[in-house]
Amino acid sequence: MDISLMIEISPLLVKAAWVTVDISARALFFGFFIAATLVTLRTSRFLPVRWLARAYISVVRGTPYFVQLLLVFYGGPAIGLRLDPFTCGVVVGAFNIGAYMSEAMRGAIESVDSGQNEASRSLGFGRLATLQYIVLPQAAGLMIRSIGVLAIILIKNSSLVSIISVVELTYQAQRLTGSTYKPLEVFSLSALMYIVIIYAVMGIIELLYRRATRYTYL
């Protein structure tokens, strides 16, 4: 194994790794708000609204992220939607992960015993106050763990944006392989960087989980 080559190409891969982190973090951030909106729509009193949210989640979860990416990037201009590769990766990633995250959030909320919701309402708490002060603090632990798993999946899926020429970690590794003819060294180093990123995310998730559950028995 050519260690000197790995040292030489490290700065290029580190720079590309930051693009991977950037695109994943942005997609996760916007995906959270999309998920929260979908959860709200799924609990609406209006049946058509619930159906619309459920249909969206079913379509997104039922089609590959890769196909969604190509559809928006190459098919978008046909309807006037033109996005640069980075923006396309963030937008598609956000709407994709938002659908999965909404189900994780809804499942965590529904795991809280319904009796506590009823008791809170009987004490005069409104629907939003009950959700904010009673339900969410108890559901936070499960929600954080689930979102953490989805964040790791999102980071791994970010490698697919290389197909639309976003210079992230996988795309840069492919380019370096073509110029150095040393795939073992290049992809071993890129794999190591993915591991570092993912373990860093796992550490953050564990920290958030402990803080969220320090007063609970989860």
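Isoleucine 3 counts as partly exposed because its relative accessibility is 49%, where buried means under 20% relative accessible area, exposed over 50%, and partly exposed in between (1.4 Å probe, protein chains only). The model is a predicted one, in which local features need pLDDT of at least 70 and side-chain atom pairs count only at pLDDT 80 or more, whereas totals for chains, interfaces and linings use all residues. Residues are numbered from 1 along each chain as its sequence is written, and side-chain values use heavy atoms, with hydrogens and water left out.

Isoleucine 3 belongs to helix 1 (residues 3-42); helices are DSSP runs (H or I, at least four residues) numbered from the N terminus. Together, Met1, Ile3, Ile7 and Leu184 make a nonpolar surface patch of about 450 Å². Such patches consist of residues with over 30% relative accessible area and no salt bridge, nonpolar side chains (Val, Leu, Ile, Met, Phe, Trp, Tyr) being joined within 5 Å and like charges within 9 Å.

Side chains of opposite charge can pair when their charged atoms come close. With a salt bridge defined as a side-chain nitrogen of Lys or Arg within 4 Å of a carboxyl oxygen of Asp or Glu, the count comes to 7 salt bridges. One of these joins aspartate 2 to lysine 182, with the closest N and O atoms 3.2 Å apart. This pair links distant parts of the chain, 180 residues apart: aspartate 2 is in the segment before helix 1, and lysine 182 is in the loop between helix 7 (169-180) and helix 8 (183-212). Both residues are partly exposed, aspartate 2 at 24% relative accessibility and lysine 182 at 29%.

Within helix 1, arginine 26 and aspartate 22 are separated by about one helical turn, because they are 4 residues apart. Their salt bridge has its closest N and O atoms 2.7 Å apart. In helix 8, glutamate 206 and arginine 210 likewise lie 4 residues apart, about one turn of the helix. Salt bridges that share partners also join Arg42, Arg61, Glu103 and Arg106 into one network.

Helix 4 (residues 85-110) has 26 residues and should span 38 Å, which agrees with the 37 Å between its end C-alpha atoms; the expected span is 1.5 Å times one less than the number of residues. At glycine 98, helix 4 bends by about 25 degrees, the bend being the angle between axes fitted to the seven residues ending there and the seven starting there. At the start of helix 4, a side-chain oxygen of aspartate 84 comes to within 3.2 Å of the backbone nitrogen of phenylalanine 86.

How values were computed. Accessible areas come from the Shrake-Rupley method with a 1.4 Å probe; for residues, only the protein chains shown count as cover. Helices (H or I, at least four residues) and strands (E, at least two) are DSSP runs, numbered from the N terminus. A polar contact is a pair of N or O atoms within 3.5 Å; within protein, one must be able to donate a hydrogen and the other to accept it, and residues adjacent in sequence count only if both atoms are side-chain atoms.
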